[in-house]
Amino acid sequence: MRIPVLLLMAAVCLLVRIDSTVAEETAAERGYRLLTTKAYLPPDFDQEVLKDLWKVWPEDWRQKAEQASPEERRELIFSYYGIMHRPGSEEAPLGYVVTPEQKWVMNCFTCHGGKVAGTVIPGAPNSHVALHTLTEDVSKVKLQQLKKLSHMDLAAIGIPLGTTHGTTNAVIFGVVLDSLRDPDMNFDRNRPVPSLLHHDMDPQPWWNVKRKSRIYADAFITKNHRALMQFILIPRNNADKIKKWESDFADILAYIESLEAPRYRWTIDEKLAQQGEMIFNDHCADCHGTYGKESVYPLKTVAITELKTDPARLNSLPPNYRAALNLSWLSRYGKDPVVEDPGGYVAPPLNGVWASAPYFHNGSVPTLWHVLNPQERPEIWQRTENGYDQTWVGLEVQTFKKVPKDLSTVQKRLYFDTSQFGKSAKGHNYPDELTLEQKKAVLEYLKTL
């Protein structure tokens, strides 16, 4: 009788320990777990498709993959499409939930989990993501394997998913999905969709969401967890399912707001940075806020007529679309107000700004030095994969006067061409008020944020 009793006691202790572990999980911890393990969308592809993607690559990459080991080939596939490894795991991706059936389902980290100088940082912008190229190649392999196309494959036929690696047309995804829902989140295929102004956006760093009361590039919507659910509003997710998942997204927002900005990894000239702080506070703090123990963030929207940066993102959300959100479940029927005519872009907080390159809402400026020197911003540039420019603080890039000739559409996506629609690097000319020495000091200070 003694052994069964001991076993029973051990089982009870184990159950208590498991229950205690679950109880101790914070909202932020649940949010990360949900993001990385729960599928809110249909799969984009399966493991067999992933393994064969290299077979539709351009010849030089295809030859490299053909000669590689299976492990090396997987790394090449991750590199080619900007798929990040989940920190702490050699196999699991960060931007996809992999189901027990080995199906890959996109999550928010596809765009908001990037790597900086070769290190993956959850919440950092994924400035490597190649979403349209990946989706095109997935479609080709599926056709070869006689598999059905997914919602992403079909969407890419009519909507560009991103014309330059590191950017996506995510705003327009939201416009389409929101517009096909009535105020109570019921899907209605007959609802009108506004004219779509396709453009690319640079994902914003998540670690600064905690400092904001309104979110997105024009700070047009009051921060709440429902606003994060726009991108799961595909037809198969009905209103009941969306509302059932609301508590999940409250936890996901808690996770986002738990993130801290990464600290600059290399040497900082502290004396020069102190000089830069004074200059920054005199010239930049009115819009971007102050930092340190007494930090203040004003959430200031600057009129586009003054800012003069690319207006495509601002113009892409028509007033009637914004007004409809004020009547929607997403804004709690207006209790979390939507600004229907923001008129410009918000000056973002700059915590961790060293790790959030490229800059501006469209990702058109590769380094902070170029932000501070408007006349020196490159017309066309191409980044290295893992390089980091410690001198100019941002992406390590090669610059060009023209995009090289005879490139395929896929190859052109490796270049950021500021002459293209929605990609202008002009505007934000305020640093012209500073001397060269002042700019160097401000640049040093920005490393400390």
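Two strands pair if DSSP finds at least two bridges between them. Helices (H or I, at least four residues) and strands (E, at least two) are DSSP runs, numbered from the N terminus. The model used here is predicted: local features need pLDDT of at least 70, side-chain atom pairs count only at pLDDT 80 or more, and totals for chains, interfaces and linings use all residues. Residues are numbered from 1 along each chain as its sequence is written, and side-chain values use heavy atoms, with hydrogens and water left out.

**Exercise 1. Describe the pairing of strand S4 with strand S5.**

Solution. 
- Step 1: Find S4 at residues 113–116 and S5 at residues 119–122.
- Step 2: The two strands run antiparallel and are joined by 4 bridges.
- Step 3: Look at the turn. The hairpin has 2 residues between the strands, and Ala 117 takes a positive phi near 50°.
- Step 4: Check the faces of S4. Gly 113 and Lys 115 on one side, and Gly 114 and Val 116 on the other, are all buried (buried means under 20% relative accessible area, exposed over 50%, partly exposed in between, with a 1.4 Å probe and protein chains only).

**Exercise 2. Is Thr 167 buried or exposed, and what does its side chain reach?**

Solution. 
- Step 1: Locate Thr 167 in the loop between H8 and helix H9 (170–179).
- Step 2: Thr 167 counts as buried because its relative accessibility is 3%.
- Step 3: Follow the side chain. At 2.8 Å it reaches the backbone oxygen of Thr 164, and a polar contact of 3.3 Å joins it to the side chain of Asp 200. A polar contact is a pair of N or O atoms within 3.5 Å; within protein, one must be able to donate a hydrogen and the other to accept it, and residues adjacent in sequence count only if both atoms are side-chain atoms.
- Step 4: Look beyond the neighbours within four places in sequence. The contacts of Thr 167 (heavy atoms within 4.5 Å) include Val 129, Asn 362, Phe 416 and Lys 423.

**Exercise 3. Which residue forms a salt bridge with Arg 413, and which with Asp 153?**

Solution. 
- Step 1: Start with the rule. A salt bridge is a side-chain nitrogen of Lys or Arg within 4 Å of a carboxyl oxygen of Asp or Glu. By this rule the count comes to 21 salt bridges.
- Step 2: Arg 413 pairs with Glu 136, with the closest N and O atoms 3.1 Å apart. Arg 413 lies in the loop between helix H18 (409–412) and strand S12 (416–417) and Glu 136 in helix H7 (residues 131–144), so this pair ties together parts that are 277 residues apart in sequence.
- Step 3: Compare the cover. Arg 413 is buried, at 6% relative accessible area, while Glu 136 is partly exposed, at 26%.
- Step 4: Asp 153 meets Lys 142 at 2.6 Å, N to O. Asp 153 is in helix H8 and Lys 142 in helix H7, 11 residues apart. Asp 153 is buried at 4%, and Lys 142 is buried at 5%.
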